[in-house]
Amino acid sequence: MHLMRIDLHTHSNASDGTDSPAELVDAAARAGLDVVAITDHDTTAGWEQAAKALRPGQTLVPGAELSTVSVDPRTGRHVSVHLLAYLFDSTSVALVAEQSRLRAERRTRLRGMAERMAADGLPIDPDEVMAALPADAPAGRPHLAQALVRAGKVVDVNQAFAEYLGNGRGYYLPRQDTPVETAIDMIADAGGVTVMAHPFARSRGATITPEVLVELAAHGLTGVEVDHPNHDEATRAEVRGLADELGLVRTGSSDYHGTNKTIAIGAETTDPAQFEALVARATGSPLVVG
Ligand code: AMP
Ligand code: FE
Ligand code: FE
Ligand code: ZN
């Protein structure tokens, strides 16, 4: 029997990946994936093109990765949370409004970072950086990283993050992301399901504590990403244990970004039974079958 291969976290150039949505679907087929989710940051703009590109036998999970924040009520500490959302109704009025606010926020913030760099004498032209972005696109640091590569300042996106764009660097600017509880509610109201992406990817900066996962599970979070390139073995075991304790669906995914990251599509996958459990809890937007 053919074991289904499922990758539930990928980015196209509708956000900060380098493949067009059609190329993403092609890459998924070439990697032998039966199921691929498109999860661009804060946009569903790639859904239509991806759906059209499907070949017979391929299944597309329409999704997005929402930029959210967890605020600890005791300490006031803010931690960034990437919330994967699947199978929601993309025309939900509240969701459309919040995502459009966030995309505007992303642009203001990226321009601010570009201006800081230019003021410091780096070869970055803020107008040029912004002009290179498609209208209403969710602007992200990888776009600035590409500008630094084009200017010959760094050899690749990784080096750009290490030297200029990382959280602890002087050019970093924060964003007003959606409170994670609000985002979970919005997606649930739109018939979708939510999965916390790379919860303990400590290499990316501050992460939530297990207590937050406990609270969000009680708040209606559907699942959690266990297998992710930024989780080491010990972290995977820890997240798997928490998921089982809390009754959360466990996913595994590559977080493919085309050539903006080195990870291959399908490098991490989701167990078919877990995928089924995830889909069973969604009502907002169907799977798309090629
Ligand atoms: P932003 O959404 O603007 O805060 O940028 C975050 C995005 O940058 C993530 O979604 C990743 O795609 C990318 N990213 C973060 N860290 C790195 C890194 N070290 N190397 C390459 N890309 C990264
Ligand atoms: Fe990204
Ligand atoms: Fe993420
Ligand atoms: Zn991602």
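Buried residues are taken here as those under 20% relative accessible area, exposed ones as over 50% and partly exposed ones as lying in between, with a 1.4 Å probe and protein chains only. The structure is a predicted model, in which local features need pLDDT of at least 70 and side-chain atom pairs count only at pLDDT 80 or more, whereas totals for chains, interfaces and linings use all residues. Residues are numbered from 1 along each chain as its sequence is written, chains are lettered from A and ligands numbered from 1 in the order in which they are written, and side-chain values use heavy atoms, with hydrogens and water left out.

In helix α1, which spans residues 21-30, the residues Pro21, Leu24, Val25, Ala27 and Ala28 are buried. These residues cover an arc of only 160° around the axis, which puts them on the same side of α1; the arc is that of the directions from the helix axis to the C-beta atoms. Helices (H or I, at least four residues) and strands (E, at least two) are DSSP runs, numbered from the N terminus. The cover over the buried residues of α1 includes β2 and α2, where contact means heavy atoms within 4.5 Å. Asp26, also found in α1, is partly exposed, with a relative accessible area of 27%. Between the C-alpha atoms of Asp26 and Met113, which are 87 residues apart in sequence, the separation in space is 34 Å. After α1 comes Gly32, whose phi is positive, near 75°.

As a general point, an α-helix has 3.6 residues a turn, so residues three or four places apart point the same way. Gly191, with a positive phi near 80°, follows α7.

The iron ion (ligand 2) is coordinated by Asp16 through OD, by His41 through NE2 and by His257 through NE2, at 2.1 to 2.2 Å; donors are N, O and S atoms within 2.8 Å of the metal (3.2 Å for Na, K and Ca), and sites may look incomplete, as water is not among the atoms. The spacing of these donor residues in sequence is D-x24-H-x215-H. His41 lies in the loop between β2 (35-38) and α2 (47-53), and His257 in the loop between β8 (249-252) and α10 (272-280), so the pair ties together parts that are 216 residues apart in sequence. His41 counts as buried at 8% relative accessibility, and His257 is likewise buried, with a relative accessible area of 4%.

The iron ion (ligand 3) and the iron ion (ligand 2) are 5.6 Å apart.

The relative accessible area of His231 is 2%, and the residue is buried.

Leu102, found in helix α3, counts as buried at 0% relative accessibility. With neighbours within four places in sequence left aside, Leu102 is in contact with Asp42, Ser67, Gln176, Asp177 and Thr178.

Finally, the axes of helix α5 (residues 141-150) and helix α6 (residues 157-165) come within 9 Å and cross at roughly 105°. The two helices are therefore roughly perpendicular to each other. Axes are lines fitted to C-alpha atoms, for helices over the stretch in contact, and angles run from 0 to 180 degrees between N-to-C directions; angles under 35 degrees count as roughly parallel, over 145 as roughly antiparallel, 65 to 115 as roughly perpendicular and the rest as oblique. In this contact, Arg141, Pro142, Leu144, Ala145, Gln146, Leu148 and Val149 of α5 meet Val157, Ala160, Phe161, Tyr164 and Leu165 of α6.
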